[in-house]
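Please keep the sequence and the structure in view while reading.

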Amino acid sequence: MNSQVRTEPLLGNFPLSIPGDPYSVVVLLQGYSEPQGTEGAQRADGSVTLLLPTTWKSQGARGEAPAGPDTQTALEQAGSGPVLVDTGGPWARDALLAALAAHGVAPDAVTLVVGTHGHSDHVGSLGLFPRAALLVSHDFCLPGGLYLPHGLSETCPLRLGPGLEIWATPGHAGLSDVSVVVAGTSVGTVVVAGDVFEREHDGDTWRQLSEDPAAQERSRQRVLAAADVIVPGHGGPFRVFREPGDHSVS
């Protein structure tokens, strides 16, 4: 972690709820990565996060398929209901469904699933959400498989609604990783970062799993410069504190 930044865990019981307007953030399942044996094996699963618009009502709500082919309209419609960021692996299916139900969200009510990257421990349960639009890495498609073009890049985020953006944060799985940025919460800006950060205090260990360490280092610094809270891929959320008057991390 950069010397201009310090971090500390965001305390709370899981599922960890962060109220906000226009979106609240709920970390449904905390990711983990645990060494198994001495040959480099890992038992792992990715964090799963739910974004709930303050205007959304759970009673009897069902997701509405975004209309195409206008990409910006489809993105905004997709962001108007419950948004799920990563699904965990297929082995976490029951835990995911139970966590959603506890918040009054049925699978059919989810309007968008964002996969921060294509690894199985992050998108292994996409099949639970056939009515949702999908944004997996840089692929955006509507239910039924209609893929829409967009201009996502490191300098051009996708805007889903007030205070909700998708950022290109390449590195871990190559050049197509994304993060979800949520402004206006009670703790400031929350960045759901996938495996851009494995966990708080991941040191240089993330480099061992990175397909493009230079790009990932750039993404990490960008996230650190913007976030008040980071939800990493394989650990608990943590707060970010920058030096007073410091608006960038070098």
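The buried residues of helix H2 are covered by elements that include strand E3 (23-29), strand E6 (48-53) and strand E7 (83-85). The model is a predicted one.

Helix H2 spans residues 93-102, and Leu96, Ala99 and Leu100 are buried in it. Viewed down the axis of H2, the buried residues fall within an arc of 100 degrees, so they line one face of the helix. An α-helix has 3.6 residues a turn, so residues three or four places apart point the same way. Asp94, Ala101 and Ala102 are exposed on the other side of H2. After H2 comes Gly104, which has a positive phi, near 75 degrees.

**Strand E3 and its partners**

How many of the residues of E3 are buried? The count is 7 of the 7, so E3 is largely enclosed by the rest of the structure. Strand E2 (residues 16-18) pairs with E3 in the antiparallel sense, over 3 bridges. In this pairing Ser17 stands opposite Val26 in E3. The link from E2 to E3 is a hairpin of 4 residues. E3 also pairs with E6 in the antiparallel sense, over 6 bridges, and here Ser24 stands opposite Leu52 in E6.

In soluble globular proteins, nonpolar side chains tend to be buried together. In this model the largest nonpolar core has 33 residues, and those with the most contacts inside it include Leu51, Val114, Phe140 and Val190. A second, separate core has 22 residues, among them Leu52, Leu84, Ala132 and Leu134. Setting aside neighbours within four places in sequence, Val114 is in contact with Val83, Leu84, Val85, Asp86, Leu135, Ile166, Val178 and Val180.

Thr189 lies in strand E15, residues 188-192. Is Thr189 buried or exposed? Thr189 counts as buried because its relative accessible area is 18%, and the cut-off for buried is under 20%. Apart from residues up to four places away in sequence, Thr189 touches Val181, Val182, Ala183, Ala226, Ala227, Asp228 and Val229.

Glu217 belongs to helix H4, residues 213-226. Beyond its neighbours within four places in sequence, Glu217 is in contact with Trp206 and Arg207. The side chain of Glu217 also makes a polar contact with the side chain of Gln221, at 2.6 Å. Glu217 and Ala173 are 44 residues apart along the chain, and their C-alpha atoms are separated by 13 Å.

**Cysteines and accessibility**

A disulfide is a covalent bond between the sulfur atoms of two cysteines. How many disulfides does the model have? The count comes to 0 disulfides. Cys141 is in no disulfide, and the nearest cysteine sulfur, that of Cys156, is 20 Å away. A disulfide needs the two sulfur atoms to be within 2.5 Å. Cys156 likewise is in no disulfide, with the sulfur of Cys141 as the nearest cysteine sulfur.

| Residue | Relative accessible area | Class |
|---|---|---|
| Cys141 | 8% | buried |
| Thr189 | 18% | buried |
| Glu217 | 26% | partly exposed |
| Cys156 | 36% | partly exposed |

Methods:
Residues are numbered from 1 along each chain as its sequence is written. This is a predicted model: local features need pLDDT of at least 70, side-chain atom pairs count only at pLDDT 80 or more; totals for chains, interfaces and linings use all residues. Side-chain values use heavy atoms; hydrogens and water are left out. Helices (H or I, at least four residues) and strands (E, at least two) are DSSP runs, numbered from the N terminus. Buried means under 20% relative accessible area, exposed over 50%, partly exposed in between (1.4 Å probe, protein chains only). Contact means heavy atoms within 4.5 Å. A nonpolar core is a set of buried Ala, Val, Leu, Ile, Met, Phe, Trp, Tyr and Cys residues joined through side-chain atoms within 4.5 Å. A polar contact is a pair of N or O atoms within 3.5 Å; within protein, one must be able to donate a hydrogen and the other to accept it, and residues adjacent in sequence count only if both atoms are side-chain atoms. The arc is that of the directions from the helix axis to the C-beta atoms. Two strands pair if DSSP finds at least two bridges between them.
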